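I wished to look up which of them pair with one another.

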Amino acid sequence: MPGKAQTAIDKLEKAPRRKMALRIWLRLLTSSQLIEKEVRKRFRTEFDTTLPRFDVMAALAREPEGQTMGDVSRWLLVSSGNITGIISRLEEDGLVTRARSAGDRRTHLVKLSCKGKKEFESMSLAHEKWIRNLLSGMTKEEMATLDDLLIKVKISLAREESS
């Protein structure tokens, strides 16, 4: 007996070609949700952490000299309130440090601590492996084609957003 997801996929397969854009959007959404669900589960079981914590650490790893919490929230497209709580817990765990900015005493610069860098490196290597395994049903050529097509999607979305 097919599950709900399979039934929905079967219905989409039978949808007329005029619904192609809708079918593509649903496939992108479903694929993204399935990958995210698996990644969240693996972070929880293998590192006893969350995807948002990993995302914040990844943003901080991009700027070893530190970033403001506003910069981190803009990079991750989330509110400063969300970032503040995560940063506070990462600081309590010794994974990040916070210091006042020399240029603006009201602003704090946040960066990964030595412990945070080591932990992030370990999580980052595992994350890359998980994604590679989750996408292993595609050849390198298929992945390259999909990457090119998704770039086109992103450009199209950026044009739509700016108009």
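I began with the terms: helices (H or I, at least four residues) and strands (E, at least two) are DSSP runs, numbered from the N terminus. I took a salt bridge to be a side-chain nitrogen of Lys or Arg within 4 Å of a carboxyl oxygen of Asp or Glu.

I noted that this is a predicted model, in which local features need pLDDT of at least 70 and side-chain atom pairs count only at pLDDT 80 or more, while totals for chains, interfaces and linings use all residues. Residues are numbered from 1 along each chain as its sequence is written, and side-chain values use heavy atoms, with hydrogens and water left out.

Entry on the count. I found seven salt bridges by this rule.

Entry on helix α2. I looked up Lys-41 and found its side chain in a salt bridge with that of Glu-38, at 3.3 Å from N to O. The two lie three residues apart in helix α2, so about one helical turn separates them. I also recorded a network of salt bridges that links Glu-38, Lys-41 and Arg-42.

I then turned to Arg-40, which forms a salt bridge with Glu-36, the closest N and O atoms being 2.7 Å apart. Because Arg-40 and Glu-36 are four residues apart in helix α2 (residues 20–47), about one helical turn lies between them.

Entry on accessibility. I used relative accessible area: buried means under 20%, exposed over 50%, and partly exposed in between (1.4 Å probe, protein chains only). Arg-40 is partly exposed at 34%, as is Glu-36 at 33%. Lys-41, at 39%, is partly exposed.

Entry on Arg-98. I found a salt bridge from Arg-98 to Glu-91, with the closest N and O atoms 2.8 Å apart. Arg-98 counts as partly exposed at 26% relative accessibility, and Glu-91 is partly exposed at 32%.
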